[in-house]
Structures are given as structure tokens and as C-alpha cells.
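Could you take a look at this one with me?

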Amino acid sequence: MIDYKGKAALVTGAGSGIGRALAQALVARGAKVVCADINEDGVRETADGLGADALAVVCDMADHDAAATLIHDAGTWQGRLDLVCSNAGIGLNRRLLKQELDERAERLFEVNLFANLRVAQAYARWLEASGGEGRLMITGSENSLSVPAAVKGNGLGLYGATKHGVLVMAEWMRDEFASGTVPLDVHVLMPGAVYTALIEKHLPDPSKAPPELGLIMPERCAEIALKGMDLGLFYIPTHAHLADDMKPRMQGVSDALKALGLS
């Protein structure tokens with residue numbers, strides 16, 4: 001189990017949902033946490049609830065300079081930065097054939113995908129300069145792995161593309177850091193349905209969630225995330241059905257190999 005006492009962490013998207021729950025769970029285990037979010041009221045509420053163990057920072061992860069500034073400020077606060085939870089994300093529901101590649105689509109990729117790369121790059125530079133060791137957990141999604149059965153038909157194609165990109169990017173990051181000189185462990189959190197603002201606007205009462213959705217609360221997601229890091233897992237899924245949702249893709253590839261005479 002990771003000992004967070006005396007350690008410092010940064011959590012983006014900490015104004016609500018999974019990010020807030022991660023910040024609370026880390027403080028409960030002894031960490032000092034920088035809580036970052038674009039939602040000023042939300043992130044200050046998170047930090048205020050954690051007292052002197054937390055610092056609120058308001059930033060927009062779509063801003064190309066935000067990651068470098070955030071990593072610098074977070075590392076300076078306690079003179080160290082042992083964990084970064086790159087968790088900020090936004091949603092978009094629209095069928096692909098009707099989706100315009102407009103500012104909303106660009107912002108989706110900036111926040112959900114490219115911001116994670118900028119955070120990783122800035123954190124690696126900071127660790128290299130400080131001589132420290134670090135841990136990075138990026139929040140993907142069940143959409144990183146498949147078209148989940150429970151949300152088919154909900155117009156999540158472009159959102160799913162950002163989250164699938166997160167997974168592939170994290171896999172390549174793991175490979176690069178393993179063969180490089182920066183001591184940075186990488187994890188990817190892949191939540192199924194978690195009761196966050198993205199779901200709340202469509203489902204005001206979580207008790208009315210359909211059973212097949214497997215809805216969990218943010219606190220449970222944070223518990224699984226920290227356990228996954230304790231165990232040194234790269235892939236950290238939150239629901240058992242993620243494995244089942246992947247089966248059609250794997251079977252499709254297997255069937256194609258047979259049909260092509262390649263297996």
C-alpha cells in the first residue's frame with residue numbers, strides 16, 4: 001500500500017465527481033492535495049472541505065499553457081509532487097454524422113486528450129529537474145475499451161474517440177517511461193458509469209438508474225483507483241462488465257483472421 005503521508009498530489013477536475021472524491025481519498029490517507037478545476041465555486045468547495053491539506057487552483061485545461069503552470073505551482077506548494085491525477089474531462093453527446101467539427105468538438109479533444117499529454121510532459125520535465133520520482137494516473141473511460149453495451153445509441157462517438165485515445169496514449173507513455181530516464185509510473189483509470197455531473201444532468205436521481213448501467217458513486221470509483229495504484233496496476237477498471245464489453249471486438253478480429261486464412 002502506498003504511504004501518502006508527507007506526500008503531495010495534484011488532482012485536476014477536482015471541483016466535483018471523481019476528482020473531488022480522489023482528492024478526499026488522498027487527504028484521508030495523509031496526502032497534501034492541489035485541487036484544480038475550471039469551476040471556481042466547485043474547486044474551492046472541495047479544498048475548503050479538506051482544510052489546510054488542500055489548495056484550490058482555478059484553471060482551464062484547454063489552455064495550452066495551463067499544464068506547465070499547474071505542475072510548477074503544484075510542485076512549488078510543498079516542494080514536491082509525488083502523484084498527478086490527470087482527471088479533468090468533459091462530455092459531448094451527438095451522433096457522429098451530425099457532429100460539426102466546431103469549437104465544442106475541438107475543446108473536447110483539448111480537455112479529454114491533449115491536456116493529459118501536456119500534463120505528462122510538464123510533469124516529466126519537473127521530475128527530471130527536481131530529481132524526484134512520480135506517479136501519473138490518467139482518467140480514461142469504459143469507452144476507452146469498447147462501445148459499452150449500456151450506452152449504445154447515446155451519441156458518444158466523438159467522446160469515445162477521445163477516451164480511446166487516452167488509453168493508447170497512456171500505453172505508449174508507459175513504454176517510453178519504462179525505457180527512459182524519468183522515474184514515472186503510469187496508470188489509466190477506466191471508469192464505467194459513475195454518478196458525476198455528466199450523468200446527473202440526464203439522471204437527476206441515481207436510484208432510478210437502470211441496473212444494466214451498473215452506476216457507482218464517485219467515492220467508490222476513487223476507492224478502486226487508489227487500490228489499483230496500491231497494487232501497481234496499469235489498467236484500473238471500475239466495473240466487471242468492461243471485460244464483457246470488449247469481447248465482441250476481440251471475437252470480430254479472431255473471426256476475421258480465420259476468414260482471411262491468417263490464423
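My notes follow, point by point.

1. First, the ground rules. This is a predicted model, where local features need pLDDT of at least 70 and side-chain atom pairs count only at pLDDT 80 or more, while totals for chains, interfaces and linings use all residues. Numbering runs from 1 along each chain as its sequence is written, and side-chain values use heavy atoms, with hydrogens and water left out.

2. Arg94, Arg95, Lys98, Arg104 and Lys201 form a positive surface patch (patch residues have over 30% relative accessible area and no salt bridge; like charges are joined within 9 Å, nonpolar side chains within 5 Å; a salt bridge puts a Lys or Arg side-chain nitrogen within 4 Å of an Asp or Glu carboxyl oxygen; Lys and Arg count as positive, with His and the chain ends not counted; a charge sits at NZ of Lys or CZ of Arg). Areas come from the Shrake-Rupley method with a 1.4 Å probe, and for residues only the protein chains shown count as cover.

3. Arg95 lies in the loop between strand S4 (83–86) and helix H4 (103–130) (DSSP runs, at least four residues of H or I for helices and at least two of E for strands, numbered from the N terminus). Its relative accessibility is 53%, so Arg95 counts as exposed (over 50%; buried is under 20%, partly exposed in between).

4. There are zero disulfides here (sulfur pairs within 2.5 Å). Cys35 is in none, with the nearest cysteine sulfur, in Cys85, 10 Å away. Cys35 is also buried, at 0% relative accessible area.

5. What about Cys221? Its sulfur is 11 Å from the closest cysteine sulfur, in Cys85, so the two are too far apart for a bond.

Notes
Buried means under 20% relative accessible area, exposed over 50%, partly exposed in between (1.4 Å probe, protein chains only).
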